Amino acid sequence: MPKPVRVRFAPSPTGDPHVGNIRTAIFNWLMVQHERQQGNEASFIVRIEDTDQGRKTEGALEAILESLRWLGLSWDEGPGVEGPYSPYFQSERLPTYNEAADALVASGWAYPCYCSSERLETMRRGQMDRKESLGYAGHCRELDSASLATWREEQEQEIPVVRFKVPRDGTTTCVDVIRGEVTFENRLLDDFVLLKSDGFPTYHLANVVDDHAMEISHVLRAEEWLSSLPRHKLLYEALGYAPPLFAHLPMILGPDRAKLSKRHGATSVLEYKQRGYLPEAVFNFLTLLGWSLDDHTEIMNREELVTHFGLDRVAKPAAIFNQEKLDWLNGVYIRDLSVDELTNRIMPFLEEGLPADITRPIDREYVRQIAPLVQERLKTLADAPDMVAFFLQESLSYDPALLVDKQLTPEPVLQALKAATARLQSLDVWQAEDLETLLRPMAEELNLKTRQFFGAIRSAVTGRTATPPLFETMEVLGRERCLLRLEESQRLLGAVSSL
RNA sequence: GCCCCCAUCGUCUAGCCGGCCCAGGACACCACCCUUUCAAGGUGAAGAUCGCGGGUUCGAAUCCCGCUGGGGGCACCA
């Protein structure tokens, strides 16, 4: 019986989670789902690492959870889902860390340090000037209790921090599932802080203690953590814990190859939601950043991803976030939606983005008729309001020049519009097919190219030059509105040509 | 500065326990087709001396070493 797979996503509530964080969450989640599909026991845990009171951000927790929910990354244990290892907020687990720190001090693996932050800062600057490697030099490490007390007075520190006593020599070899063995020299690791003077643990301590307490089997996290691995390994050993397996995931970089940040445009997952990206597209796209199935499969739904995902096909190099490819993928997913589904997804964007003069609520049934016409033209759901507005607007406002093809003068266009209107008035079945049967032959009669003739009608009826197919558009627009707009266009054009 | 990781088309990547690769797919770009506009779709083109230099080998993108480049880390942040 293999030990159950237990992985965790451990964000810190310091802002909107960006796509890199979420990609990590996706890989964790995927691994769990895959294991389950294989018939193995597996759990996805969300643990909130809120041990830095100073950086806590209002609303960040909700943003994290919303991001996860939006992408369908449900968790088995975590906020709102109590489990056998509750609580899942580190700020509520302080006693556990204290115990661990005490045990470490008792066993000689850690010691209190009274050095003031000013002293540390000065030390760091000195190291920088002398171009030495940075890190705590170890002043309090060897002090006996008497000299420690004196030092405490001198530094005016009430409460000490607790530091880990890193071996002065030797090496620490760690294993990363994706990269293999990585060896570090212990003398280059400084005595890092375990417990801060405010009583909160640092990431290193909290992380190790919790991963052990929650019986985490695999730690999948971003590559930026790789250099902390030896510290963690040492900590596991000092604490007498069996370490989990570690896999450091490739980073996601901006187009300038730097760590993704606000400068690169949208980085928050919620921003993508807002910009009209489909969660299934974002999910699929993020999965492809650092993982691949083979040399040709790219579009995979959740289920396919679950069956194929594995750590063995995670890539090593960092990936650059390619916005254009996401746009394409989003279009693919939009085109794949059923009309009903597309209508549902578009509605909120229309309510939100359509001009204020269009009366609300927007008629869903009508939108449902429009939806198929714009489906293959939408790059994002947020494109919908602009693309659809003319269907719902009471009156159009556009430059009458749009009615006239560049190679034409207003006069023949005006005549054509007049003729078309007259014929259309006597058409009793207002359907695309009939509209086409009626109008297409007219182009030749009027001695106009179809693009010139249809273009004029298109502009008259929509106020635009780029629209869905004309006849279907007219059908959805309806007889009355089309005729009205056709007449209006003649008025506009007449005014222009008489100038 | 020191430590660690990484290195195939502009980008995401396949290939990397050596020959099937003078390197495959996708996005973007270009051309053509379809066409009432815009899309979508179809076809095709262009695009990587596999970062560079040494080895090993009959043979290297694939193994080894060095260099260079990029990234990450070096907090009482995570």
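# Briefing: ring contacts, RNA surface and a buried helix

The charged end of arginine 163 is placed over the ring of tyrosine 136, 3.7 Å from the ring's centre. This is a predicted model. It holds 14 aromatic pairs, and 65 residues lie around RNA strand B. A search for disulfides across the whole structure finds 0.

**Charges over rings**

- Besides the contact between arginine 163 and tyrosine 136, arginine 23 lies over the face of phenylalanine 27.
- The distance from arginine 23 to the ring centre of phenylalanine 27 is 4.9 Å.

**Aromatic pairs**

- Among the 14 aromatic pairs of the structure is the one formed by tryptophan 109 and phenylalanine 164, which is stacked.
- In this stacked pair the ring centres are 5.5 Å apart, and the planes of tryptophan 109 and phenylalanine 164 make an angle of 10°.
- The two residues stand 55 residues apart and link distant parts of the chain. Tryptophan 109 belongs to the loop between α3 (94–106) and β3 (110–113), while phenylalanine 164 is in strand β4.
- Tryptophan 109 has 29% relative accessibility and so counts as partly exposed. Phenylalanine 164, at 0%, counts as buried.
- Tyrosine 272 and tyrosine 277 form a pair that is edge-to-face, because their planes are at 70° with the ring centres 5.3 Å apart.
- Both tyrosine 272 and tyrosine 277 are buried.
- One aromatic cluster is made up of Tyr272, Tyr277, Phe285 and Phe321.

- Of the 65 residues around RNA strand B, the nearest are Lys196, Glu298, Glu376, Arg377 and Arg458.
- Of the atoms of RNA strand B that come within 4 Å of the protein, 71% belong to sugar and phosphate.
- By class, this surface consists of 25 nonpolar, 15 polar and 25 charged residues.
- Several helices and strands each supply at least two residues of the surface, including the helices α4 (117–129), α11 (323–335), α17 (450–462) and α18. The strands β4 (161–164), β6 (180–185) and β11 (319–320) also each supply at least two.

**Polar contacts with RNA strand B**

- In the side chain of threonine 51, an N or O atom is 2.9 Å from a phosphate oxygen of RNA strand B.
- A base nitrogen of RNA strand B lies 3.0 Å from a polar side-chain atom of lysine 325.
- Arginine 335 has an N or O atom in its side chain that is 3.4 Å from a sugar or linking oxygen of RNA strand B.

**Helix α18**

- The buried residues of α18 are Leu470, Phe471, Thr473, Met474, Val476 and Leu477.
- Glycine 478 follows α18 and has a positive phi, near 95°.
- α18 is also one of the elements that supply at least two residues of the surface near RNA strand B.

**Cysteines**

- Cysteine 113 counts as buried because its relative accessibility is 2%.
- Cysteine 482 is buried too, with 0% relative accessible area.

Technical notes. Residues are numbered from 1 along each chain as its sequence is written. Chains are lettered from A and ligands numbered from 1 in the order in which they are written. This is a predicted model: local features need pLDDT of at least 70, side-chain atom pairs count only at pLDDT 80 or more; totals for chains, interfaces and linings use all residues. Side-chain values use heavy atoms; hydrogens and water are left out. Buried means under 20% relative accessible area, exposed over 50%, partly exposed in between (1.4 Å probe, protein chains only). Helices (H or I, at least four residues) and strands (E, at least two) are DSSP runs, numbered from the N terminus. A disulfide is a pair of cysteine sulfur atoms within 2.5 Å. A residue is near a molecule or strand if one of its heavy atoms lies within 4 Å of it. A polar contact is a pair of N or O atoms within 3.5 Å; within protein, one must be able to donate a hydrogen and the other to accept it, and residues adjacent in sequence count only if both atoms are side-chain atoms. Ala, Val, Leu, Ile, Met, Phe, Trp, Tyr, Cys and Pro count as nonpolar, Asp, Glu, Lys and Arg as charged, and the others, Gly among them, as polar. Rings of Phe, Tyr and Trp (its six-membered ring) pair if their centres lie within 6.5 Å; planes under 30 degrees apart count as stacked, over 60 as edge-to-face and the rest as tilted. A charge sits over a ring if NZ of Lys or CZ of Arg is within 6 Å of the ring centre and within 35 degrees of the ring normal.
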